[in-house]
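Me: I have a model open and want to learn to read it. Take me through some features, general idea before the case.

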Amino acid sequence: MVATLTQAAPGAAAAVRLPRRRVLPCLPTLWPSMLAPRLRPRPGPFPFAWPDARRYYFARNAAFTAVRVLGLERHEVLVPAYHHGVEVEALEAAGAEPRFVRVDGRMQLDLEHLEASIGPRTRALYVIHYAGFPQPMEEILAMGHRYGLSVLEDSALALLSRDGEVPLGSRGDIGIFCLYKTLPVPNGGVLVMNRPLDAPDPARGAPLGSTLSHAAGSFLAHVALRWGPGGAAVRESIRRTGRALRFATGLRTLSTGTTHFDAAAADVGMSRLTEVILDNLDYDQIVEVRRRNWSLLYSRLREVAPPVHHELPAGVCPLFYPLVCEDKEWAAARLLARGVETVDFWRDGHPACPRGAFPEVDALRRGVLELPLHQDLSPDDMEYLASAVEEILS
Ligand SMILES: Cc1ncc(COP(=O)(O)O)c(C=O)c1O
């Protein structure tokens, strides 16, 4: 699908004023009640309750380990041309050789191209569930079975999401999850083994300074969300001080959300603080709120900007609402001016994936901006967000 959201004439966006609001952060936020240690925590949903899982600092560490565990070194792995880039770096760093497969404008893997790309050196199929929406696992697993290939299910963008009743990431040989995109945790990536395999536990603990710094950032985002413009000002000034301190002391943190794989951090595990927060979350409610918010945005925006997905299938836990724009930098700046934080989704892929070879992927990379719909946001927030989008497009 090609972008059709057009840029308004200069000055038009300023014509209608929305009420002055607090900041809507792009990620869910942390607040102190989530830090209470639980003596008898309830078992979480998949993948948390799964016995054969390893808990890392990043999901990229899980992708790296998966190559080793499945013996994919010096073998070809078929990877969707629409990818973040860091997961491909992790596969390469572990010794696998990625080869890219077409994804269409609706973020669906092209199964015909996938099958046609299987060659004598292919050993695995790498599947990515985009924004919480499932890829056709039945067909992909059958293809893997027919050709004797492993299937890696990258659910970094699909934690808590299901295809009907079946959790995404539970059917491939290996499932990969990123926690901090969906939940207010400072770090966390999970490797799930869905058949008998033996991945090592992470050798090192999460660095405390990095964990606390991310947790503090998330708490400040909460302050900005709940305390209006005053909260946003507090957040900004503390952030500025933090940056200055880091610069002055030369303190380096192990940052989440970065775009490159660092093999030196491949054996770092999830923090204890993440575990504590996981015990305090209401997962059913998180899924319910995200689904409600997606539906609210869809009902307001489907006429204004063509959506990527036209329905919300049963079980899906949407990660964000993909707004397809002609000029996403322009749209992001105008939404930020209205207090809405967005994410420029996957503008650049891995350099080994040739630009121009997959035109629909290039269009998605140019066009998709993530609109937040996470569990901290209310129906009023969704109304506000939809109005802000309508306003900048008017
Ligand atoms: C599809 C996909 N897989 C893996 C990752 C790696 O996640 P992490 O940042 O936890 O390493 C990302 C990161 O955005 C991703 O988008």
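Me: What volume does the second largest pocket have?

Reply: On a 1 Å grid over the protein atoms alone, a pocket is an open set of points with protein on both sides within 12 Å along at least five of seven lines. Grid points are joined across faces, edges and corners, and a volume is the space filled by probe spheres set on the points. Here the second largest pocket has about 330 Å³. This is a predicted model, where local features need pLDDT of at least 70, side-chain atom pairs count only at pLDDT 80 or more, and totals for chains, interfaces and linings use all residues. Residues are numbered from 1 along each chain as its sequence is written, and side-chain values use heavy atoms, with hydrogens and water left out.

Me: Which residues are closest to the centre of the second largest pocket?

Reply: Lining residues have an atom within 4 Å of a point. There are 15 of them, and Gly 44, Pro 45, Leu 160, Tyr 283 and Asp 284 are the closest to the centre. Helix α8 (residues 283-301) gives the most to this lining, three residues. Helices are DSSP runs (H or I, at least four residues), and strands are too (E, at least two), numbered from the N terminus.

Me: How does the lining of the second largest pocket divide by class?

Reply: Ala, Val, Leu, Ile, Met, Phe, Trp, Tyr, Cys and Pro count as nonpolar, Asp, Glu, Lys and Arg as charged, and the others, Gly among them, as polar. This lining has nine nonpolar, one polar and five charged residues.

Me: What lines the largest cavity?

Reply: A cavity is a set of points where a 1.4 Å probe fits but cannot get out. The whole structure has one of 30 Å³ or more. About 30 Å³ of space lies in the largest cavity. Its lining is Pro 134, Gln 135, Met 137, Asp 163, Val 166, Leu 168 and Arg 171. That makes four nonpolar, one polar and two charged.

Me: Is Arg 235 buried or exposed?

Reply: Buried means under 20% relative accessible area, exposed over 50%, partly exposed in between (1.4 Å probe, protein chains only). Arg 235 counts as buried because its relative accessibility is 7%. Arg 235 lies in helix α6 (residues 228-249).

Me: With what is Arg 235 in contact?

Reply: Contact means heavy atoms within 4.5 Å. Leaving aside neighbours within four places in sequence, Arg 235 touches Val 23, Leu 220, Ala 221, Ala 224 and Glu 341.
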